[in-house]
Amino acid sequence: VIKSDGVHLAGMHYRAVITEGAVSAKAAPALKALEAAGALVPWQLADGEATLLRALDHLTMRDVTLNPVTPSVRMRHVRKAGHDWVLLWNEEKTPISTDVRLATSVRHGKILEGDTLRESSWIDGQAVRLPGYGLAVIVL
């Protein structure tokens, strides 16, 4: 369902929908509704990541910040069963390390490393190491 504050789908709320490149003509009615609600962010790789981030910053507050900024990391933040779940994926072969800060009042939790399934304590601002094509899950 598309509303003035974004998209509501299966109990989740998305403030913006990003389209990259050409989209199917079948999607045109939904895209027009998203655009009318101010929730559509059309983007091309040639526009650069900075353009995408500016468009998203205009729509919503950042809830996860990486330092250094790492374009190969994809993230999903879900609030479920009273916990914040932050899923981080490295979409490149090269391993990365980046400090992760969350816009939440909880400052410590657990991290699960996807390649080893090792669980350890995690503190807001702590470095997260992701192997090539690896993932990690932070739970607060």
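**Salt bridges and sheets in a predicted model**

Reader: Which residues are linked in a network of salt bridges?
Author: This is a predicted model, where local features need pLDDT of at least 70 and side-chain atom pairs count only at pLDDT 80 or more, while totals for chains, interfaces and linings use all residues. Residues are numbered from 1 along each chain as its sequence is written, and side-chain values use heavy atoms, with hydrogens and water left out. A salt bridge here is a side-chain nitrogen of Lys or Arg within 4 Å of a carboxyl oxygen of Asp or Glu. The residues linked in such a network are Arg101, Arg107 and Asp124.

Reader: How many salt bridges does the structure hold?
Author: Side chains of opposite charge can pair when their charged atoms come close. One of the pairs joins arginine 118 to glutamate 113, at 2.8 Å from N to O. The number of salt bridges in the structure is 6.

Reader: Is arginine 62 buried or exposed, or partly exposed?
Author: Arginine 62 forms a salt bridge with aspartate 57, and their closest N and O atoms are 2.9 Å apart. Buried means under 20% relative accessible area, exposed over 50%, and partly exposed in between (1.4 Å probe, protein chains only). Aspartate 57 has a relative accessible area of 38% and is partly exposed. Arginine 62, at 38% relative accessibility, also counts as partly exposed.

Reader: How many residues apart are glutamate 91 and arginine 74?
Author: These two side chains meet in a salt bridge of 3.1 Å, N to O. Glutamate 91 lies in the loop between strand E8 (83-90) and E9, arginine 74 in strand E7 (residues 73-80), and the pair links distant parts of the chain, 17 residues apart. Glutamate 91 is partly exposed at 44% relative accessibility, as is arginine 74 at 40%. The separation asked for is 17 residues.

Reader: How many helices and strands does the protein have?
Author: Helices (H or I, at least four residues) and strands (E, at least two) are DSSP runs, numbered from the N terminus. By that count the protein has 2 helices and 13 strands.

Reader: What is the bridge partner of threonine 65 in E9?
Author: E6 and strand E9 (residues 96-102) run antiparallel and are joined by 4 bridges. In E9, the partner of threonine 65 is arginine 101.

Reader: What share of the 140 residues in the protein is buried?
Author: The C-alpha trace spans about 45 × 35 × 25 Å along its principal axes. Buried residues make up 29%.

Technical notes: Two strands pair if DSSP finds at least two bridges between them.
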